[in-house]
Amino acid sequence: MGGVEDDEPASKRMKLSSEELIHLSNGSTVKESIVGSSRDLMARPLQSDGGEEVVGSKGVIKKVEFVRIIAKSLYSLGYRRSGAHLEEESGISLHSSIINVFMRQVLEGDWDESIATLHNIGLTDEMTIKSASFLILEQKFFEFLDEEKVMDALKTLRTEISPLCINHSRVRELSLSIVSPSHCFTARSPKQDTSRARSRTKLLEELQKLLPPTVMIPERRLEHLVEQALGLQRDACMFHNSLDEEISLFADHQCARDQIPSYALQVDANGISLKHKLSGHQKPVSSVSWSPDDHQLLTCGVEEVVRRWDASSGDCLSVYEKAGLGMVSCGWSPDGKWIFSGVNDKSISMWELDGRELECWKGQRTLKISDLEITSDGKQIISICRETAILLLDREAKVERFIEEDQTITSFSLSRDNRFLLVNLLNQEIHLWSIEDDLKLVSKYRGHKRTRFIIRSCFGGLEQAFVASGSEDSLVYIWHRGTGELIEALPGHSGAVNCVSWNPTNPHMLASASDDRTIRIWGLNNLSTKQKDTHGNGIHYSNGGT
Amino acid sequence: MSYLVHNCFKETVESFIACTGMKQPSDYLEDMEKRKRIYQFALEGNALKAIELTEQLATNLLEKNKDLHFDLLSLHFVELVCSRKCTEALEFAQMQLTPFGKEQKYVEKLEDFMALLAYEEPEKSPMFHLLSLEYRQHVAESLNRAIL
C-alpha cells in the first residue's frame, strides 16, 4: 500500500485530494480545485469507466475502487459531508444511482418498490434476487405483525414469501410466529420508531452481504485491507516477540533483535540445587515427565518399569509394569488423571493412576518408542513408530496417520496449539509439519550440528513463532518459524547442547542443557527477569547420550 | 375376538358369540357402536364431533392424553385450511393449539401445522402429508385404541 507515502505524480493527486478533504471537513465550502487534473474529473460523468486509471507505485490499485472504499469508510466513520464531498469532487460516486434509490426505499419501508428496483439492478444470479427479496419481505412481514396487522402479515407470507420457494424452514418459523410472536426471536423485530430505523439499517447491512461487492461495497472494507497488511507485516517480522509492540500505520512494522533471548542470565554449574534423589529404578532412566499440576513426576527406566513420584516428598507413589515386558517411555494425560507409556512389545499402554490398565494399543510396525507425546485435548497420541515414520493415533476415531521422512527421525516436539510437529532428523535438519488436517511439510531449519547424539528442539516465543534447538557445536540455535531464517546462534556452552526449553509463559526466557554439565538460562539484555521454574509441563530431558 | 371388537365388526362379533358361546360384558355392543361412530367422524375429518362423542363416552380421556387431544384438534385445523377458511383457521389455532406450544415437544408439531397456512395451495407444500387420508386414519386409530 504505497499510495500515500510515495512521491509519484499519481499519488500526489491523491495527497492533495485528502488535504482538501481535511479542509472541507472543517466546514469550509468547496473551492475551485488547485490541481488542474481535478477539474477534469469534475467534468466526467458520474460513473467513471473504471479500470483504466490506477494509483500506487505498482499500478495494481484501480482508482475508482480506491476512491469508493475511501468514501465508504468516511461514511462508516460518520463523516457524511466529507463522504459526499469526495463523491462530488472525484466524480466517482460510491453507489450507482439505482442502488441509492434501492437503499432509500429499504430505509423508508417502500417494500414493493424496493423489490421492483431489486429486479432492475441487473443481477445475474436468480438465487441472489430471491434471497434478497425474501429478506425484504420478512421485514415487511414482521413490521405488519408488530403493528398487529395479522391478516396482512399472513397475506404477505402466503402470497409473496412462500411462492419464492426458498428457505422452507424459515417459512415454517414465520408461520409459527404469527400465533406466538415470542417464538421467533429476530434481531429485526421492531418495537418503536427508533428501533424500526435501526432494524431497517440492519436489513440493509444483510442485503449488502448478499449482493455482489461491486454493487454494494461491503462494510469496513478499507479497515479489513489495512488489517490484512498489518497482519502480513507482523508475520514477516522475524524478531516479533512482544505483546506490547504496537503496530503503527505510518511505517512498516519491524522489531529490533532485542526481543529474542540472547543473553545468559544465569549459568548453573551444579544444576539447580538438589532437592531429592529418587531411587528405585534398576536400569538407566530414559525419560522424565512432570505432571500437569507440577506436583508429581513420572520416570521411565529403559526397558524396565514406570514409576510415579511425589515431587515434594520424593516418595515413589506407584509402579507400572507389565509382566515379561519393559517400558520405554512415559507421559501424562493432559488432565493428569491417567498416564501412558510405550512398551517394548511395540504397543502403547494407558493406565489409571492407581495402576489399573485402561487400554492397550497395538501397532502394526512399531519400533522402540522413545518419544511419546499426547495432544493437549487428549485426542491424539504421537510417537515414533519406525525409523523414518511418526505415528499419529487418534484415540477416539481409532485412526492412524503417519508422517514419513526420508531420513531417520531422532526426536520430535509438539506445538502448544497441537497443530504443528517439529521433527529432528539424522541429517541435521529440523522439519516442521502441519498435522491439523492433512499432513504437510511446512518448513525446514538448518544450521545446527548433530552427528552422534539425540538433540532436542522446541517451539517458543510469542505465539510459538520461533524454533530453538541444541547443537553439538555448543551453540543454541534460534530460527524464525515462519520464514525459516536463522536468527541467533548463541555461544556460551562448552559442550554439546542436548536440549532446549523455551519458557511457556515468558517469551523472553530460554533454558538450555549441555554436556558441559551446566544449565543456562537465557533472557534479554539489561532486563531483570524473574527466575521462573523452567521445568514446566512435559519437558523431557534425556540422560545425555542416545 | 378382541380384534373383531377393536375394529367394530359388529355383525361378525354377534355371530361369533352365537357360535362359540363366549361371555362378554353387557354393554360391549353399545360401546362398539359408539366407537365406530367416533372413528368414522375422525376419519372424515370431523374432529369436533369426534371430540364431543369421545367426551361423552370417556370423559377425561383427552385430558389425560394430550398428544391425542392435540392430534384431534389439528385435524379440525386441517379441515379449515383445506376449505380455505384462513381467518377461522388462524383464530382456531390461536385459541386451541397455541396453548400446547408451552411444552417443547409440541412446538415442532405446531410449526408443521402453522406452516400449512403459509401456502396458498397447502397440497403442494412440504407438509402435504398432514392433509392426507393416512394421517386421519392414524389419528382415528390412536383414538380408538385409547378408548379401549
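Mentor: We will take the terms in turn and set each value against its cut-off. This is a predicted model, in which local features need pLDDT of at least 70 and side-chain atom pairs count only at pLDDT 80 or more, while totals for chains, interfaces and linings use all residues. Residues are numbered from 1 along each chain as its sequence is written, chains are lettered from A and ligands numbered from 1 in the order in which they are written, and side-chain values use heavy atoms, with hydrogens and water left out.

Trainee: What makes Arg170(A) and Glu138(A) a salt bridge?

Mentor: The term asks for a side-chain nitrogen of Lys or Arg within 4 Å of a carboxyl oxygen of Asp or Glu. Between Arg170(A) and Glu138(A) the N to O distance is 2.8 Å, so the pair qualifies. Over all chains there are 22 salt bridges.

Trainee: Which helices hold Arg170(A) and Glu138(A)?

Mentor: Arg170(A) is in helix α9 (residues 168–179) of chain A and Glu138(A) in helix α7 (residues 126–146) of chain A, 32 residues apart. Helices here are DSSP runs of H or I with at least four residues, strands are runs of E with at least two, and both are numbered from the N terminus.

Trainee: Why is Glu138(A) called buried?

Mentor: Buried means under 20% relative accessible area, exposed means over 50%, and partly exposed is in between (1.4 Å probe, protein chains only). Glu138(A) has 5%, so it is buried. Arg170(A), at 15%, also counts as buried.

Trainee: How do you know whether Glu160(A) and Lys140(A), another salt bridge, are buried or partly exposed?

Mentor: Compare the values. Glu160(A) has 25% and is therefore partly exposed, whereas Lys140(A), at 10%, counts as buried. The closest N and O atoms of this pair are 3.0 Å apart.

Trainee: Why are α7(A) and α8(A) called roughly antiparallel?

Mentor: The angle between them is about 165°, taken between the N-to-C directions of lines fitted to C-alpha atoms over the stretch in contact, on a scale from 0 to 180 degrees. Angles under 35 degrees count as roughly parallel, over 145 as roughly antiparallel, 65 to 115 as roughly perpendicular and the rest as oblique. The two helices are therefore roughly antiparallel. Their axes are 7 Å apart.

Trainee: Which residues make the contact between α7(A) and α8(A)?

Mentor: Contact means heavy atoms within 4.5 Å. Among them are Phe134(A) and Leu137(A) of α7(A), and Val150(A) and Ala153(A) of α8(A).

Trainee: What makes β20(A) and β21(A) a pair?

Mentor: Two strands pair if DSSP finds at least two bridges between them. β20(A) and β21(A) have 4 bridges, in the antiparallel sense. Phe459(A) stands opposite Val467(A) in β21(A).
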